Amino acid sequence: MPIPTQSWRGDATGHLDLLDQTLLPTETRVLELTTVEGVWEAIKALRVRGAPAIGVAAAYGVVIGCQTERGGSAERFRARLSEVLDYLATSRPTAVNLFWALDRLRAMANGLQDLAPTALHDRLLEEARAIESEDRAMCAAMAEHGAPLLAGCEGVLTHCNTGALATAGDGTALAVIFAAAKANPLLKVYADETRPLLQGARLTMWELLQRGVDATLICDSMAAWVMKERRVQAVIVGADRIAANGDAANKIGTYGLSVLCKAHSIPFYVAAPSSTFDLTLADGEQIPIEQRRSEEITQGFGKQTAPDNCPVYNPAFDVAPATNITALITERGVIQPVNEASIRRALG
Ligand code: MRU
């Protein structure tokens, strides 16, 4: 059964049904989003998360945000569109798919200056739908290109959630794992729980078990030992933003995994669609890293686990250097070695 992460309902005057991922795995509640503020909040609060899924939600958020001016003048519609695009861009800073989707809608609207508001609004919905369906196709292509890299593995380790919940299709890294597990049902998958918000425990394990994959949950701090014990022969993760030189930002803990892979001579793969590459940034130093609330660490899921007023540092992402990445898996194929020249050659 495909997981209904998000679905647009109706025409351009419709709404977005969105699965509230903060409640998983114990509750599956679908939110009916009818305001752009609701979409912004859903992205900010990680009700929808994962780089490609954020881009899709934001695109539909633009359609919702422009509904109030659908019947208005061209001038007011375009002013509203600009306001909505700028507003959604403030929801989360790291995943470039958000800005990629918003820029795509902005560029499309700029190229259609003669269109009346209703027609332009309809075109915005068409483009949002295209962003969603293209992402689905990119997931399938990544799975196809990436699965052979895991062919000889008995075990593979992954971090965070990069599956159907994080994309419009089967996922990025997790789609590769699904395809590899289909080819080799004996493949064992180790999922980091992914502190502090437990995307690995709550979401990745949920997806893997639903698909009947042989999956085992570990604490993040166990990854080194799992490698030392030779339980895994590869690590594969997704990305939120990849710079021109191949440095890849992903969920906090990814940098550490890349270092551990080097230390244990294990390949470290990053799977991401072309919409996750930011070729305007020379390297990972310039990738903005989201800082999140201290309560995510001190009161995770409602229970206080640190003293009152405990100082906290809570970066949501880190950057794995290109030199630690064995290969990038994209919808256009596998990029190896990971450097600016090979990335530009593959992505054009
Ligand atoms: O904070 P999140 O849950 O949005 O972080 C998600 C990740 O880090 C994923 O690994 C990344 O977006 C790749 S998803 C296909």
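Domain bounds are taken from an automatic or database domain assignment. On that basis, the protein chain splits into domain 1 (6-140) and domain 2 (143-347). The model is predicted, so local features need pLDDT of at least 70 and side-chain atom pairs count only at pLDDT 80 or more, while totals for chains, interfaces and linings use all residues. Residues are numbered from 1 along each chain as its sequence is written, and side-chain values use heavy atoms, without hydrogens and water.

The C-alpha centres of domain 1 and domain 2 are 26 Å apart. Domain 1 brings 29 residues to the contact and domain 2 brings 36 residues. Contact here means heavy atoms within 4.5 Å. About 2,500 Å² is buried between domain 1 and domain 2, with 55% of it on carbon and sulfur atoms. Buried area is the accessible area (1.4 Å probe) lost by two parts on being put together, summed over both.

Across the interface of domain 1 and domain 2, 1 salt bridge is found. A salt bridge requires a side-chain nitrogen of Lys or Arg within 4 Å of a carboxyl oxygen of Asp or Glu. Arg-92 and Glu-290 form a salt bridge, with their closest N and O atoms 2.8 Å apart.

Secondary structure was assigned as DSSP runs, numbered from the N terminus: helices (H or I, at least four residues) and strands (E, at least two). On the side of domain 1 that touches domain 2, α2 (51-65), α4 (96-110) and α5 (117-146) each supply at least two residues. The most comes from α5, with 6 residues.
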